[in-house]
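Welcome! Please take a moment to look over the sequence and the 3D view before reading on.

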Amino acid sequence: MAIEQAVITWIHFLCASIWVGGSIFLGLVLAPLLKKMSFSTEERLNLMIKTGRRFNKLALPALIILIATGIYNSHLVLQNNEILFSTSYGAFLITKIILVIALIITFAIHIRIFNKNVEEKIATKQITDSELQKLTKSGMILGEATVVISVAILLFAALLDACLLYTSP
């Protein structure tokens with residue numbers, strides 16, 4: 001059983017690395033770098049959308065696997081409902097679940113706003129300056145929110161791990 005759990009934990013960590021690392025790269029490296037380049041706003045936004053769409057091909061499966069392995073790992077610890085509502089582990093887990101739900105909602109909004117139709121309008125320059133500014137601002141806010149929520153989830157993952165480490169015999 002120990003080797004199977006180690007593999008599941010490794011997969012969980014790998015998927016977390018893909019999701020969080022990619023989100024940090026897009027939000028804190030690529031987006032600020034594009035701002036400093038001499039491309040037009042349309043070109044910058046188009047490049048960011050294409051990069052995000054490419055990243056999502058890896059990130060979305062990673063997020064799904066991350067959620068599945070997280071549920072599995074929690075299921076091993078939660079032998080009864082009392083643990084969920086009367087321990088630090090339970091409080092941290094509930095907080096982490098709320099953050100994951102917030103992350104999924106943020107991600108869904110991001111995908112809904114930056115759909116193929118919007119990408120096509122930007123590429124063919126059939127978008128007004130005010131729409132372009134609104135999209136850019138929305139993208140920045142959603143990207144930053146994704147990074148902050150993702151890093152907070154990592155913090156709560158560490159807190160959950162510490163609870164297990166310091167309460168086990």
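## About the model

This is a predicted model, in which local features need pLDDT of at least 70 and side-chain atom pairs count only at pLDDT 80 or more, while totals for chains, interfaces and linings use all residues. Residues are numbered from 1 along each chain as its sequence is written, and side-chain values use heavy atoms, with hydrogens and water left out.

## The nonpolar cores

Let's begin inside. A nonpolar core is a set of buried Ala, Val, Leu, Ile, Met, Phe, Trp, Tyr and Cys residues joined through side-chain atoms within 4.5 Å. Buried here means under 20% relative accessible area, exposed means over 50%, and partly exposed is in between (1.4 Å probe, protein chains only). The largest such core has 19 residues, and those with the most contacts inside it are Trp-19, Leu-63, Leu-66, Leu-99, Leu-103, Ile-149 and Ile-153. Two or more residues come from each of helix H1 (2-36), helix H2 (41-77), helix H4 (88-113) and helix H6 (129-167). Of these, H1 gives the most, with seven residues. The helices (H or I, at least four residues) are DSSP runs, numbered from the N terminus.

Which residues does Ile-149 touch? Not counting residues up to four places away in sequence, Ile-149 touches Leu-99, Ala-102, Leu-103 and Thr-106, where contact means heavy atoms within 4.5 Å.

## A patch on the surface

Ile-24, Phe-25, Leu-28, Val-29 and Val-151 make a nonpolar surface patch of about 410 Å². Patches of this kind are made of residues with over 30% relative accessible area and no salt bridge, with nonpolar side chains (Val, Leu, Ile, Met, Phe, Trp, Tyr) joined within 5 Å. The areas come from the Shrake-Rupley method with a 1.4 Å probe, and for residues only the protein chains shown count as cover.

Helix H1 gives the most to the nonpolar patch, with four residues. Leu-28 is found in helix H1, and this residue is exposed, with a relative accessible area of 52%.

## A buried asparagine

Is Asn-73 buried or exposed? With a relative accessible area of 18%, Asn-73 is buried. Asn-73 lies in helix H2, and its contacts, leaving aside neighbours within four places in sequence, are Gln-5, Ile-8 and His-12.

Side chains of opposite charge can pair when their charged atoms come close. A salt bridge is a side-chain nitrogen of Lys or Arg within 4 Å of a carboxyl oxygen of Asp or Glu, and the structure holds three of them. One joins Glu-119 and Lys-50 (3.2 Å, N to O). Glu-119 lies in helix H5 (residues 116-123) and Lys-50 in helix H2, so this pair ties together parts that are 69 residues apart in sequence. Glu-119 is buried, at 7% relative accessibility, whereas Lys-50 is partly exposed, at 44%.

Glu-119 also meets Arg-53 in a salt bridge (2.8 Å, N to O). Since Arg-53 lies in helix H2 and Glu-119 in helix H5, the pair ties together parts 66 residues apart in sequence. Arg-53 is partly exposed, with a relative accessible area of 26%. Lys-116 and Glu-119 form another salt bridge (3.9 Å, N to O); both lie in helix H5, three residues apart, about one turn of the helix. Salt bridges that share partners join Lys-50, Arg-53, Lys-116 and Glu-119 into one network.

How values were computed:
Patches are made of residues with over 30% relative accessible area and no salt bridge: like charges are joined within 9 Å, nonpolar side chains (Val, Leu, Ile, Met, Phe, Trp, Tyr) within 5 Å.
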